Amino acid sequence: MQRLRLASVACLSIMVIGLAGCSGEVSSIDRAQAQVNAKEKALSEAEAQWAAASESFCQSSKTYILALDRYGDVLNDTAPTVGDVREAGADLAAPGDEAADDAEAAVDAHQQVVVAEQELAEAQAALEQAKTGASAVPAADPQPTATPLVPAAAVDRVKQAQSDLETAQGAITDATPLTEASEQFNSAVVAVEFAWLRLFADGGCLADEQAVQAQATVSAYVTALQQDLADAGHYTGAIDGVYGPDTVSAVEALQEANGLPVTGTVDKATADALQAELLALGGAEAVESVATTAAVQQTLKLVGFWDGPVDGEWTPELTEALKSFQVELGVEPTGTVDAATITAFQAALSELQQPGPSESPSPTPTDSEDP
């Protein structure tokens with residue numbers, strides 16, 4: 001028994017000495033390299049999760065934008081009822097919540113990529129220190145290689161548009177004459193759709209460059225209008241290219257100040273009144289006052305409904321060209337630019353600029369549901 005205990009102690013001592021020897025063989029460089037390898041794997045996993053979250057965001061956003069588009073179709077029907085609006089509006093809740101949740105998840109996944117990049121940079125700095133024997137130097141914050149999902153301003157614009165739509169929906173009762181509330185309400189829907197389209201494009205979900213250009217073309221008109229209205233003192237909101245309730249209210253204020261029918265839409269008389277106010281102000285505002293009308297001319301020229309000059313002068317011929325295009329779009333030919341026309345502009349430009357069919361025959365595709 002005594003010999004057995006002595007043998008056990010001897011074996012244990014040998015194991016301790018052996019482990020100590022093994023520990024001595026693991027250099028600081030080896031440990032630092034192992035840490036770098038682990039952080040590289042963590043970054044790869046974070047990037048994979050970011051890609052999956054982004055894909056989910058794109059899919060749910062597309063579903064929500066299509067739901068908004070169908071809602072706009074209800075509003076543009078000849079005689080929508082309060083029930084139609086409420087029923088269609090209720091259908092927006094689920095896809096809207098899903099899109100918002102997926103957007104938040106994608107943002108969180110991107111943040112995890114940023115953290116993983118930082119940790120990898122620190123591990124690489126430690127490895128370099130181990131190799132050179134230099135004193136420890138804190139790793140500099142790396143520039144994230146993964147672009148954030150969307151700019152913060154785009155997220156804020158979506159939140160504002162959603163809030164405006166909820167306010168517009170809450171104001172509708174059984175006694176609400178939709179004809180009176182239509183422009184404010186329709187503009188709120190258009191604002192949400194355009195804000196989400198911008199979020200969709202900024203998130204890298206809109207692969208079709210032509211569709212991006214179409215959105216930018218239409219946005220240029222609204223941006224010019226908002227800037228002119230702001231210069232004239234009627235608009236205090238963001239210059240964001242979205243024809244939302246704030247823009248409609250500014251147009252109404254302009255019309256009221258000039259004794260025009262208060263419609264919230266821009267016609268020749270409204271454009272002339274805005275230009276006159278800007279000319280009276282003088283300076284840069286007067287020079288740029290033609291931008292709004294010029295944007296209308298440029299948009300109509302792109303779709304083949306205007307062959308006149310792009311000079312910023314609203315003529316009776318421009319009104320007729322706008323009416324003709326509205327007939328083609330299937331919206332009421334008012335000769336004015338309203339929320340419904342803005343939406344139709346964007347859709348028409350996107351379709352117009354799609355690449356033509358290939359020369360080789362191919363099966364007839366099904367109807368596309370791309371936003």
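Predicted model: local features only at pLDDT ≥ 70, side-chain atom pairs only at ≥ 80, totals over all residues.

## Salt bridges in the model

Side chains of opposite charge can pair when their charged atoms come close.

The side chains of Glu119 and Lys39 meet in a salt bridge, with a distance of 3.3 Å from N to O. Glu119 belongs to helix H4, which covers residues 93-132, while Lys39 belongs to helix H2, which covers residues 28-75, so this pair ties together parts that lie 80 residues apart in sequence. Glu119 is partly exposed, its relative accessible area being 32%.

## Pairs within one helix

In helix H9, which runs over residues 268-281, Asp272 and Lys268 are four residues apart and thus separated by about one helical turn. Their side chains meet in a salt bridge at 2.8 Å, taken from N to O. Both partners are partly exposed: Asp272 has a relative accessible area of 32%, and Lys268 has one of 28%.

Helix H12 holds another such pair, Glu320 and Lys323, which are three residues apart, or about one turn of the helix. The closest N and O atoms of this salt bridge are 3.8 Å apart, a distance that counts because the cut-off for a salt bridge is within 4 Å. Glu320 is partly exposed, with a relative accessible area of 45%, and Lys323 is likewise partly exposed, with a relative accessible area of 28%.

## Gln326 in helix H12

Gln326 also has its place in helix H12, which spans residues 316-329. Whereas Glu320 is partly exposed, Gln326 is buried, and its relative accessible area is 0%; the residue is called buried because this value falls under 20%.

What does the side chain of Gln326 reach? It reaches the backbone oxygen of Thr336, at a distance of 2.8 Å. When the neighbours within four places in sequence are left aside, the residues in contact with Gln326 are Val331, Glu332, Pro333, Thr334, Gly335, Thr336 and Thr341.

Terms used: Residues numbered from 1 in each chain as written. Heavy atoms only, no water. Helix = DSSP H or I, 4+ residues; strand = E, 2+ residues; numbered from the N terminus. Buried < 20%, exposed > 50% of the residue type's maximum accessible area, 1.4 Å probe, protein only. Polar contact = N/O pair within 3.5 Å; in protein donor to acceptor, adjacent residues only side chain to side chain. Contact = heavy atoms within 4.5 Å.
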